[in-house]
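Please examine the model below.

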Amino acid sequence: MKAEIICAGFGGQGVLTIGKFIAKAGMAEGKHVSWLPSYGPEMRGGTANVSAVVSDEPIASPIVSYPDILVALNQPSLDKFGPTIRPGGVLVVDTGMCPHGLKRDDIQFVAAPFSSIAVEIGSMRVLNMLAIGAVIGRTNIIKYETIEEDLTAFLKAKNPDLLEQNLKAIKRGIEIGKL
Amino acid sequence: MTKVLMKGNEAVAEAAIRSGCRLYFAYPITPQSELIEYMAKMMPKVGGTFLQAESEVAAINMVYGAAGAGRRVMTSSSSPGISLKMEGISYIAGAQLPAVIINVQRGGPGLGDIQPGQSDYFQAVKGGGHGDYHLIVLAPSSVQEFADMAGEAFDLADKYRTAVMILADGMLGQMMEPVEFKPAKTAEEIEALNSQHHDWCICPNVEGPEHHHHEINSLEIDPSVLEQHVYNLYDNYATIEKNELRYESYNVSDDNEILCVAWGTASRIVKSAINELKVEGKSIGMIRPITVWPFPYQEIDAAIGKNVKKVYVFELNMGQMLDDVKIAVNGKVPVDFWGKVGGIVFTPAEIKTKLEECF
């Protein structure tokens, strides 16, 4: 198994964190992982992206040319990376943020207004957890339980309410991913 | 030890502390700032000294002083900052002092940009500072290797009384991969490491016959004495070349039609292309120099199998290691080169296309 993932969106949407949680979970499950961010003079509202690789074999290039999975949380990211998704690959796309969509018939779409759903759940800050859930629901590259354990260790003492909200968002994302 | 997911910059800093580094002097610069931040946070917790110098020049001279005291000391920077350190590095080489210098390279020349590059190869292995000297130069290609090299660099520096450079780049500094650390050295172990320098360091802090001061200097005004000193340095370099050469041989076999040579970050991307073409029945090998000084000249020559039509060098510069590869190949087969510059890292797809054109 080898999954090459690109997550892209506006700075502040938590796209780097999506990659980080996926990589950490992959590592916890005994896989080889890498996490490579775009970096530079970026700011809230600018664009950001991350390449994450989860693999049974040692990872050669951490740079991803053709992702198996793309999480696109705004239109510029979808325009840039959408055409590079491997045929048969998965696109997780926030339809509210990507009004022009992507025309391809050789990939799987997990399309939902994720930002609006995040606000429904209680906070825009859980947008990235919804996206992680959608990836888990559609691809099984990592297990829900691994992320739950990681988040619990990180948030349970500090902010139990936020933990609940995040877990709720992941579960909702999984439902969307399974549709 | 369990694995932790860490950035290369943080992992190499943690590994340096575990290896007994208790003195670190530097000035911030992207893309290595997490390294200095980590040192600022962690050094006080282990009783070490972190000092943000007023400039790179000051930092390397603090390293010069601390190395003269026979302590494990490190500095780090990125390309433009390393240029500023070059005078001090030459002095450290002249005075035969152990020190570790990390260069997390970015695009150049000048201030360049802050994205990854490999364009400081010449500076690292062909001099950079003035005078006849070498640094041992280690080139990591993963976060784990970057971290492991911290301990190796200190050991090599101590063993040969020389400065060692770890030549990484912005990608290795910024990316996260799982890393497993070696156990941290105890206070007693660190003391033992320091005491091995008592026969030459400025002021061995011990009672008894070992307690006398030594003079440390890179100035020798008598030409015949300086001549002998340079010969002695080169005897030491010859021993290093004999003992410390390291390289990785990847997919090298008699079936190879192409032999690639790539180092650091670039080698990871070339590996991906080799793997993809292997599935299509195309046999390509790769030599990855792990020490870029000393350089594996004979090992590259020996890896050119009977079916190899071409040696292909890929670097994130305009062709610098290329010169050393040409010396190694010595006209046996054609040597080709392709690189990207400006902080742009080539992709596996681009390398694959370049290699496909050879068949």
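Student: In which loop of chain B is the place of B:Ala139?

Tutor: This is a predicted model, in which local features need pLDDT of at least 70, side-chain atom pairs count only at pLDDT 80 or more, and totals for chains, interfaces and linings use all residues. Residues are numbered from 1 along each chain as its sequence is written, while chains are lettered from A and ligands numbered from 1 in the order in which they are written. Helices (H or I, at least four residues) and strands (E, at least two) are DSSP runs, numbered from the N terminus. B:Ala139 lies in the loop between S6 and helix H6 (143-160) of chain B.

Student: Is B:Ala139 buried or exposed?

Tutor: A residue is buried if 20 or more other C-beta atoms, placed from the backbone, lie within 10 Å of its own, exposed if 12 or fewer, and partly exposed in between. B:Ala139 has 31 other C-beta atoms within 10 Å, so this residue is buried.

Student: Which residues does B:Ala139 touch, not counting residues up to four places away in sequence?

Tutor: Two residues are in contact if their C-beta atoms, placed from the backbone, lie within 7 Å. With that exclusion, B:Ala139 touches B:Leu167, B:Trp263, B:Gly264, B:Pro289, B:Ile290 and B:Val292.

Student: How many residues of domain 1 of chain B are in contact with domain 2 of chain B?

Tutor: Chain B is divided into domain 1 (4-195) and domain 2 (248-356), with bounds from an automatic or database domain assignment. Their C-alpha centres lie 27 Å apart. On the side of domain 2 of chain B, 22 residues take part, and on the side of domain 1 of chain B the number is 25.

Student: Which element supplies the largest share of that side of domain 1 of chain B?

Tutor: Helix H5 (121-125), strand S6 (136-138), strand S7 (163-169) and helix H7 (170-174) of chain B each supply at least two residues. The largest share, four residues, comes from H5(B).

Student: Which element gives the most to the side of chain A that touches chain B?

Tutor: Contacts between the chains involve 16 residues of chain A and 19 residues of chain B. Helix H1 (15-28) and strand S2 (32-37) of chain A are the elements that give two or more residues to the chain A side. The most, five residues, comes from S2(A).

Student: What percentage of the 179 residues in chain A do buried residues make up?

Tutor: The secondary structure of chain A comes to six helices and six strands. Of the 179 residues in chain A, the buried share is 49%.
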